[in-house]
Amino acid sequence: MPRVRWWKGQIGDCCRRAYFTLSVSQIILVLGYMVAVICCFVIGAELTQNSNRPGFIALAQLPVILLLSLKSPLPLPIFLPSLSYEHYNFLHRWAGRTLFLSVTVHGGMWINQFIRNDEMDQIRSDKAVRGIVAYGLMCGIVITSLKPFRRRFYQVFWAAHVMFFVGFFAAISYHTPYSRPWIYPCIAIYGYDLAVRMLRYRIKDATLVPIDDTLTMIHIPDCDSGWLPTQHVFLRIMKGSGIFESHPFTITNAPSLSPGQRGIILYAKVSGDWTRKVHNLAKDTSTIEFDVDDDESMIMEETQRFLENEKDDVSEVRCGSDHPGRKVQVILDGPYGGLKMDMGEYDTVLCIGGGSGITFILGSIEACLRIRQTRKKGPRRVDVVWVVRDISTIQALSPTLSYLHTLSLKWGLELNYNLYLSYPATPLPGIPSCLAPTTRLNPFRPEISQLLRESLPVPSTSSMAEHEHELGIARPTAEAEAEQEAGGGIAVIACGPEGIVAETKNAIANLSLREKVRSGGIAFHGECYSL
Ligand SMILES: Cc1cc2nc3c(=O)[nH]c(=O)nc-3n(C[C@H](O)[C@H](O)[C@H](O)COP(=O)(O)OP(=O)(O)OC[C@H]3O[C@@H](n4cnc5c(N)ncnc54)[C@H](O)[C@@H]3O)c2cc1C
């Protein structure tokens, strides 16, 4: 019974959010593609007599779908260097659905014709059977790609995608020899992607540190350039069964300006099997290895001290930034994506993060600090809104938040933390002592539109008018307008569950034109941690 309820919830969620999260421009693009494909196989075709045209159109879409699945950009003008795979992944999915539609029309019309003409033996012919097998494999791809399935069983989805596609190619190449000229480019495109990604693979040493019961810090020291904060890398840990999976994680820090100092810092929140395994591996102090070539005697001393303390308190494995960490080897694939806007052009930055979305926010703060450090100008204020379930994650990341605040004072940036607990404990826990006194902790979910209005670089017209009205001042509108200069612009960054990103988008859309103009312009970047 709970399973049924779970599936009901997932499917409802899909219909409400997953399939209606496209922006207007994306919807236009998808509709344009679908209409063009449908026109190609409908206009001037006698589908009831011969429905081969949708079949050929389906074949012609295969290279398009493969192109849209590429992680490595092609050296072509349409794959602009600034585009990362997450930007066109929605087109890959919708082109796949359009292909499924074409194949369904092709197969359905033939079967309909056989039934109408009483040619049932045709359905049992080798050609038809191979076509039906190919269609079955295509159905397998479609079913395992549905969002509830993909979210719940990501690795199965991925393996099924590859296996069903290989099977589908084999089946259609036997179904019709005309398919082969379309299959070879697909193999070439996939091979190109794999080759380029393998060239970019980097094998590195890393340290896994359990920051709290659900958060693991992954520090990759020997990696100082070639990436930016907010980009993500696919991480594969060369230990145990984790070796078979690679997962995306966002880079939370900026590269050091002097070489060999910071490396890459990632944070992985436990959300399923793999992240749990990584966390357990990090916590497992029983097999901490000492590197004999390592001259870092201080680290060894600290590790030994930690292990001795641990023996005294075997009942509980401690976590935290003083944990010596676990050394492992990792393979990095990337970086991909990241913030594409130049935050140096905005006076204010509003960062809204939900749960593990804070990693993108940390990267954004680092990016702002780097702009101020190198250009001596850029954003003057960064307002951070972070919504989390409970205080433990805030406590775990408070040293990092505090470190960023110290840097912000150094580089003349006003950094405000507004923290929100969605499941607050009673009594409300205190703010970690290392955080700046300006930090606010609230035991409720934030009203994003209100926070956005508060962050706008100049007071909004409505609040000004209200204020003036309260004071009984009646001034001509032109005079009031002339007194207000446009602000320096605001960049809004939202990262986390789809709900929080959508709410932020809506809050921006609901601002009046005047508010947008007065603020000096609004830029938005949304990032959801799900594919
Ligand atoms: C671009 C991007 C950046 C991310 N950055 C961070 C980060 O900085 N910190 C953090 O804690 N989490 C981040 N995530 C989420 C993180 O990748 C998943 O939590 C992790 O892969 C879960 O794996 P699991 O097996 O433990 O959990 P599962 O229960 O298997 O998966 C939990 C969720 O993660 C998705 N997921 C699983 N495997 C993958 C994969 N290989 N690729 C994409 N999605 C997957 C699933 O669809 C599901 O929705 C990011 C995700 C994306 C897409």
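How far apart are the end C-alpha atoms over residues 132–149, and how much of that stretch is helix? The ends lie 24 Å apart, and the chain there is 94% helix and 0% strand. Helices (H or I, at least four residues) and strands (E, at least two) are DSSP runs, numbered from the N terminus.

This is a predicted model: local features need pLDDT of at least 70, side-chain atom pairs count only at pLDDT 80 or more, and totals for chains, interfaces and linings use all residues. Residues are numbered from 1 along each chain as its sequence is written, and side-chain values use heavy atoms, with hydrogens and water left out.

**View 1. The annotated transmembrane stretches.** UniProt, in an unreviewed entry, places the feature "transmembrane region" at residues 20–44, 56–74, 94–112, 132–149 and 156–176. Such positions follow the numbering used here, feature names are shortened, and annotations may be inferred rather than shown by experiment. Residues 156–176 are 95% helix and 0% strand. Their end C-alpha atoms are 29 Å apart.

**View 2. Helix H2 against helix H3.** The axes of H2 (residues 24–42) and H3 (residues 52–67) come within 9 Å and cross at roughly 145 degrees. Axes are lines fitted to C-alpha atoms, for helices over the stretch in contact, and angles run from 0 to 180 degrees between N-to-C directions. H2 contributes Tyr33, Val37, Cys40 and Phe41 to the contact, and H3 contributes Arg53, Pro54, Ile57, Gln61 and Val64. Contact means heavy atoms within 4.5 Å.

**View 3. A positive phi at Asp118.** Asp118 sits in the loop between helix H4 (85–116) and helix H5 (120–123). Its phi is positive, about 55 degrees, although Asp118 is not a glycine. Most residues other than glycine have a negative phi.

**View 4. Around the ligand.** The ligand is surrounded by 23 residues. The closest are His247, Pro248, Tyr267, Lys269 and Thr275. To count as near, a residue needs a heavy atom within 4 Å. A backbone N or O atom of Arg150 lies 3.3 Å from an oxygen atom of the ligand. Trp274 also places a backbone N or O atom 3.3 Å from a ligand oxygen atom. A polar backbone atom of Ser246 is 3.0 Å from a nitrogen atom of the ligand.

**View 5. The antiparallel sheet.** Here 6 strands form an open sheet in the order S4-S3-S6-S1-S2-S5, with antiparallel pairing. Two strands pair if DSSP finds at least two bridges between them. The edge strands, S4 (247–250) and S5 (264–269), each pair on one side only. The twist averages 40 degrees from one strand to the next. Helix H9 (residues 180–200) packs on the sheet, touching S1 (202–210) and S6 (326–336). The direction of H9 makes about 130 degrees with that of S6.

View 6. Pro335 is found in S6. The peptide bond from Gly334 to Pro335 is cis, with omega near 10 degrees. Most peptide bonds are trans.

**View 7. The parallel sheet.** Another 6 strands form an open sheet, ordered S10-S9-S8-S7-S11-S12, and the pairing is parallel. Strands S10 (440–442) and S12 (522–528) are its edges, each pairing on one side only. The twist averages 10 degrees from one strand to the next. S11 (residues 490–496) and S12 run parallel and are joined by 7 bridges. Glu527 in S12 is the bridge partner of Cys495.

Note on methods. Polar contact = N/O pair within 3.5 Å; in protein donor to acceptor, adjacent residues only side chain to side chain.
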